[in-house]
Amino acid sequence: MLAIALMIILPTTCLQAGSTIVGAGSQSCTSWMNRRKNPVVKAAFESWVVGFISGLNVSAEKDIVGGGDFTGIVAWMDRRCMSHPMDQIGIAALDLAMELAGQTSNR
């Protein structure tokens, strides 16, 4: 649980230097933006991100997703990946989790 908490707190630059992201999360945001060309890839990428966020949520001491909003998560990733196409999907998803955690602390 401590490791998950640290992942949420640490800046992404530290994570890029020493952590390995596997699966769809290891792909670039350019790949995320191109996912619509293939329904299987689209489902895999979106499921990976939602699963990643859900996993962090389950491991956290508080609910960071507030009931979950699949459409909102995908839309956030679309905006982020459009503006940062070279980022890894996993790093973008971690930034989303940190943003959600910050919103939760303000509730």
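How many of the 107 residues in the protein chain are buried, as a percentage? Buried residues make up 36% of the chain, where buried means under 20% relative accessible area, exposed means over 50% and partly exposed lies in between, with a 1.4 Å probe and protein chains only.

A word on the ground rules first. This is a predicted model, in which local features need a pLDDT of at least 70 and side-chain atom pairs count only at pLDDT 80 or more, while totals for chains, interfaces and linings use all residues. Residues are numbered from 1 along each chain as its sequence is written, and side-chain values use heavy atoms, with hydrogens and water left out.

**Confidence**

The pLDDT is the predictor's confidence in each residue, from 0 to 100. Its mean over the protein chain is 80, with 79% of the residues at 70 or more. Helix H1 (residues 2-9) has the lowest confidence, at a mean of 41, and helix H3 (residues 29-33) the highest, at 95. Over residues 1-17 the pLDDT is below 50, and this stretch has 19 contacts in the model beyond near neighbours in sequence; a contact means heavy atoms within 4.5 Å. Where pLDDT is low, the predicted coordinates should not be read in detail.

**Overall fold**

Helices (H or I, at least four residues) and strands (E, at least two) are DSSP runs, numbered from the N terminus. Among the contacts in the protein chain with a separation of 6 or more, 73% are between residues 24 or more positions apart.

**The crossing of H4 and H5**

The axes of helix H4 (residues 39-59) and helix H5 come within 10 Å and cross at roughly 110 degrees. These axes are lines fitted to C-alpha atoms, for helices over the stretch in contact, and the angles run from 0 to 180 degrees between N-to-C directions. H4 and H5 are therefore roughly perpendicular to each other; angles of 65 to 115 degrees count as such, under 35 as roughly parallel, over 145 as roughly antiparallel and the rest as oblique. On the H4 side the contact is made by Glu46, Val49, Val50 and Ile53, and on the H5 side by Phe70, Ile73, Val74 and Met77.

**The disulfide**

A search of the whole structure finds one disulfide, taken as a pair of cysteine sulfur atoms within 2.5 Å. Cys29 and Cys81 form it, with their sulfur atoms 2.2 Å apart. The link is left-handed, with -45 degrees about the S-S bond. Because Cys29 lies in helix H3 and Cys81 in helix H5 (residues 70-83), the pair ties together parts that are 52 residues apart in sequence. Both cysteines, Cys29 and Cys81, are buried.

| Pair | Apart in sequence | C-alpha to C-alpha |
|---|---|---|
| Ile91 and Cys29 | 62 residues | 9.5 Å |
| Ser31 and Pro85 | 54 residues | 8.3 Å |
| Asp87 and Gln27 | 60 residues | 8.4 Å |

Ile91 sits in helix H6 (residues 89-105) and is buried, with a relative accessible area of 4%. Ser31 belongs to helix H3 and counts as partly exposed at 22% relative accessibility.

Where is Asp87 found? Asp87 is in the loop between H5 and H6, and at 18% relative accessibility it counts as buried. Leaving aside residues up to four places away in sequence, Asp87 touches Gln27, Ser28, Cys29 and Arg80.
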